[in-house]
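Student: I want to learn how to read the features of a model like this one. Please take a single residue and start there.

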Amino acid sequence: MKPLEELTRKNIWSLAPYSSARNEYAGREARVFLDANENPYNQPYNRYPDPLQLELKAQLSKVKGVPADCIFLGNGSDEAIDLPYRCFCEPGKDNVVAIEPTYGMYKVCADINDVEYRPVLLDEQYQITADKLLAATDDHTKIIWLCTPNNPTGNCLNRDEVIKVIEQFEGLVIVDEAYSDFASQRSLRFDLAKYPNLIVLNTMSKAWGCAAIRLGMAFASKAIIDILNKVKYPYNVNALTQQQALEALKRPIDVEEWVKVLLQERTRMMQAFIELPICEKVYPTEANFFLAKMNDATRIYNYLVDQGIIVRNRTRVQLCQNCLRITIGTKTENSELIAALRQYK
């Protein structure tokens, strides 16, 4: 890995971050708050939230097995995706490499930040080759994006190839594990100490059933987390989100049960799709969704919309022609989808 100072944009490395009122007395007890121009009434919503989410990170540290100072929390994973561009990529000069197809926000954020985005096509099994990814890099490549389980394909990337990328690339490797709670692979967040150039993303939106509160997380070395914290907005995670996340973390047994049921339903749904005459192939998956190749994805999609059932039409995505992405819902929702498809003509 190149020195972190070399990877970081010069203006960001020398940036003096905004010092919020809550940062300045951190670690000391206080009773009277007359520092932040807040309204003293309408408690508890009148006070700014903890800018570094220390209580929440302490609980997440126990659940995720990562030191609290190696955790960044953002307004959804999208903030954790956008910040590395702002911290490490010089607009109009640097580039990033990513797999294709994959989650679309990596490219959107690259375009917003005026950073060249270099997609590398997966093979027919939706797998990566480390050598192909590394061959797409040059001296101005700051980040390689990997998503595993991948979206929209659902499969986990070959772990040996992922490790080869991490070990041989001198920049940052960001591995998005949004769907890892549904997968059999061991999370890479447990290997942060071994790979100083690794950033692992995760979210409360999927297995934890908290998409509405918009809480994303990044796990990385303390040095990388410190840089992200320099650039983030002072109060980027609101108090309501922090409170709800703390409540959710008290119920890990619920999450285990949800995941168990969803995996059972995933097996049932994939088998039901295989038996449909209009389905040509169901791809392997380790996420809470699967990709199915249909005989006419767009026509079937429009038919389902008319039935009030919404899936994702991915036919315009490379390597996904005539494919629908099906999220696993409740047993009732899943059965309604299958019933509608059996009646399709």
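Tutor: Glu-265 is buried, with a relative accessible area of 5%. Buried means under 20% relative accessible area, exposed means over 50%, and partly exposed lies in between (1.4 Å probe, protein chains only). The areas come from the Shrake-Rupley method, and for residues only the protein chains shown count as cover. This is a predicted model, in which local features need pLDDT of at least 70 and side-chain atom pairs count only at pLDDT 80 or more, while totals for chains, interfaces and linings use all residues. Residues are numbered from 1 along each chain as its sequence is written, and side-chain values use heavy atoms, with hydrogens and water left out.

Student: Which residue does the side chain of Glu-265 meet in a salt bridge?

Tutor: A salt bridge is a side-chain nitrogen of Lys or Arg within 4 Å of a carboxyl oxygen of Asp or Glu. Here the partner of Glu-265 is Arg-268, at 2.8 Å from N to O. Both residues belong to helix H11 (residues 252–274) and are three residues apart, about one turn of the helix. Helices (H or I, at least four residues) and strands (E, at least two) are DSSP runs, numbered from the N terminus. Arg-268 has a relative accessible area of 35% and is therefore partly exposed.

Student: How many salt bridges does the structure hold?

Tutor: There are 13 salt bridges in the structure. One of them pairs Asp-191 with Arg-186, whose closest N and O atoms are 3.1 Å apart. Asp-191 is buried at 16% relative accessible area, whereas Arg-186 is partly exposed at 46%. Another joins the side chains of Lys-250 and Glu-247, at 3.0 Å from N to O. Lys-250 counts as exposed because its relative accessibility is 60%, and Glu-247 is partly exposed at 37%.

Student: Which residues are linked in a network of salt bridges?

Tutor: Glu-116, Arg-118 and Asp-138 are linked in such a network.

Student: Which residues gather in a patch of negative charge on the surface?

Tutor: A patch is made of residues with over 30% relative accessible area and no salt bridge; like charges are joined within 9 Å, and nonpolar side chains (Val, Leu, Ile, Met, Phe, Trp, Tyr) within 5 Å. Lys and Arg count as positive, Asp and Glu as negative, and His and the chain ends are not counted. The place of a charge is taken as NZ of Lys, CZ of Arg, CG of Asp or CD of Glu. In this model, Glu-5, Glu-6, Asp-139 and Glu-170 form a negative patch on the surface. Glu-170 sits in the loop between helix H8 (159–168) and strand S5 (172–176), and its relative accessibility of 45% makes it partly exposed.

Student: Now a whole helix. Which residues of helix H4 are buried?

Tutor: In H4 (residues 54–64), Leu-56, Lys-57, Leu-60, Ser-61 and Lys-64 are buried. They lie on the same side of H4, because they cover an arc of only 140° around the axis. That arc is taken from the directions from the helix axis to the C-beta atoms. Glu-55 and Lys-62 are exposed on the other side of H4.

Student: How many of the 10 residues of helix H9 are buried?

Tutor: Seven of them are buried, so H9 (residues 222–231) is largely enclosed by the rest of the structure. The buried residues of H9 are Ile-224, Ile-225, Ile-227, Leu-228, Asn-229, Lys-230 and Val-231.

Student: Next, the backbone. Where is the peptide bond from Asn-151 cis?

Tutor: The cis bond runs from Asn-151 to Pro-152, with omega near 25°. Asn-151 is in the loop between strand S4 (141–147) and H8, and its 7% relative accessibility counts as buried. Gly-154 lies in the loop between S4 and H8 too, and is buried at 0%. The C-alpha atoms of Gly-154 and Arg-325 are separated by 9.1 Å, although the two residues are 171 residues apart along the chain. Another cis peptide bond joins Glu-100 and Pro-101, with omega about 5°; Pro-101 is in the loop between strand S2 (95–100) and helix H6 (105–112).

Student: What is the phi of Asn-42?

Tutor: Phi of Asn-42 is near 70°, a positive value in a residue other than glycine. Asn-42 is in the loop between helix H3 (21–24) and H4, and is exposed at 57% relative accessibility. Arg-214, not a glycine either, has a positive phi of about 55°. Arg-214 is in the loop between strand S6 (198–203) and strand S7 (215–219), and is partly exposed at 32%.

Note on methods
Accessible areas come from the Shrake-Rupley method with a 1.4 Å probe; for residues, only the protein chains shown count as cover.
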